[in-house]
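Subject: Handing over the structure

Dear colleague,

Here is the structure I promised to pass on to you. Please keep it open beside this message while you read the notes below.

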Amino acid sequence: MPRLDLPSRPRRNRKSAAIRDAIRETWLGPEHFIYPLFIHEGGEDIAITSMPGKSRLSPAGLLAEVDRAVQLGIRSVVLFPAIDESLKTDDGREAHNPEGLIPKTIAALKARWPELMVVTDVALDPYSSAGHDGLVAPDGRILNDETVEVLVEQALCHARAGADIISPSDMMDGRVGAIRDALDDNGFTEVSILAYTAKYASAFYGPFRDALDSAPKHGDKKTYQMDPANVREALREVELDEEEGADMIMVKPAGAYLDVIRAVREVTPLPIAAYQVSGEYAMLKAASERGWLDERKVVLESLMAIRRAGADLILSYFAPEASAWLAE
Ligand code: PBG
């Protein structure tokens, strides 16, 4: 019988489910998820072709979907509105309409589920006729400081409606500090900021822009979202968002940026959220539909990997499905 003379045999620590369960380093549960939801004013739910299983939800459809999620143990949602073309303007003013879709929806959710953590996205793209996150000058430049003034109004509008966490996804400089000051000056010291700190100019957002009809009409987002080649730049953004008063920070996308999550984990004591974005969902879904991947196994593996890299929270369209599988 051949026998290697090995002082260490790592397989001994994998020999039974009891040992494996006892020494597992990372765990995943519904408490880690923030569930992103697409909403619109229309009376029907409209399926999103590039995100099988997900829809643009009507007000009634949203309540049904949140009910399903809450029963599966999900405690947090983030809202993304599809806005009628007729309400999109150059100045994105619908973003801070107190009678708008987002404030109405926050109120409806908090009335039914006071304990639900409601997160809102702050950026102008759903409301902008140009489809950009910021205001656009006639020559096509994105105007930073002018945009921040509008984002502040948008954040206040969400806070007044009862949002628990404001999440600026626009990547303008200085917006976290400006929003924090405005919230505090208006008595919203308890409203949190989850900053999209390291948000990359990624092609993985394609299906999201289909879902909301929010793709930029001209140009791209590379003057505000980060270059996928960079990681030191993410650390600089972390430092600034910490100084400006962010409560939590985000890395986005997640799956192709696990090294960024890890690098950020090593420098900040703040909780980290990572966003498994629409394109990540679409890839896993498409391969599973063809029978090329085992959906349940790859989805749970992808989510575990994001936690292992150092994320506390995960924004994922798989939140309800994954919660159901984890409970079995
Ligand atoms: C918009 C925003 C985007 C996403 C979240 N907020 C799209 C973009 O920046 O173009 C993408 C999320 C996803 O792809 O799931 N500010």
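The notes below go through the annotated positions, the ligand shell and some of the strands.

Please bear in mind that this is a predicted model, in which local features need pLDDT of at least 70, side-chain atom pairs count only at pLDDT 80 or more, and totals for chains, interfaces and linings use all residues. Residues are numbered from 1 along each chain as its sequence is written.

I begin with the annotated positions. For "active site", an unreviewed UniProt entry lists K199 and K252; UniProt positions are given in the numbering used here, feature names are shortened, and annotations may be inferred rather than shown by experiment. Although these two are spread over 54 residues of sequence, they cluster in space, with a largest C-alpha distance of 4.9 Å. K199 belongs to strand β9 (residues 192-199), while K252 lies in strand β10 (residues 248-252); helices (H or I, at least four residues) and strands (E, at least two) are DSSP runs, numbered from the N terminus.

Is K199 buried or exposed? K199 is buried because 27 other C-beta atoms lie within 10 Å, where buried means 20 or more such atoms within 10 Å, exposed means 12 or fewer, and partly exposed is in between, with C-beta atoms placed from the backbone. K252 also counts as buried, with 24 C-beta neighbours inside 10 Å. Leaving aside residues up to four places away in sequence, K199 touches S169, M171, Q225, M226 and K252, and K252 touches Y196, K199, Y200, A274, Y275 and V277; contact here means that the C-beta atoms, placed from the backbone, lie within 7 Å.

E237 is found in helix α7 (residues 232-244) and counts as buried because it has 23 C-beta neighbours inside 10 Å. Its contacts, not counting residues up to four places away in sequence, are T197 and A198.

Next comes the ligand. The residues around it are D121, A123, D125, D133, S169, Y205, F208, R209, K221, V277 and S278, where a residue is near a molecule or strand if its C-beta atom, placed from the backbone, lies within 6 Å of it. By class, this shell has four nonpolar, two polar and five charged residues; Ala, Val, Leu, Ile, Met, Phe, Trp, Tyr, Cys and Pro count as nonpolar, Asp, Glu, Lys and Arg as charged, and the others, Gly among them, as polar.

Now to the strands. In strand β4 (residues 76-81), six of its six residues are buried: S76, V78 and F80 point one way, and V77, L79 and P81 the other way. Strand β1 (residues 33-39) runs parallel to β4 and is joined to it by five bridges, one of which pairs Y35 with V77; two strands pair if DSSP finds at least two bridges between them. β4 is also joined by four bridges to strand β5 (residues 117-122), again in parallel, and V78 has V119 as its bridge partner there.

Finally, strand β12 (residues 313-316) runs parallel to β1, with two bridges between them, and F33 has I314 as its bridge partner. Four bridges join strand β11 (residues 272-276) to β12, also in parallel, and Q276 stands opposite S316.

With best wishes

How values were computed. Contact = placed C-beta atoms within 7 Å.
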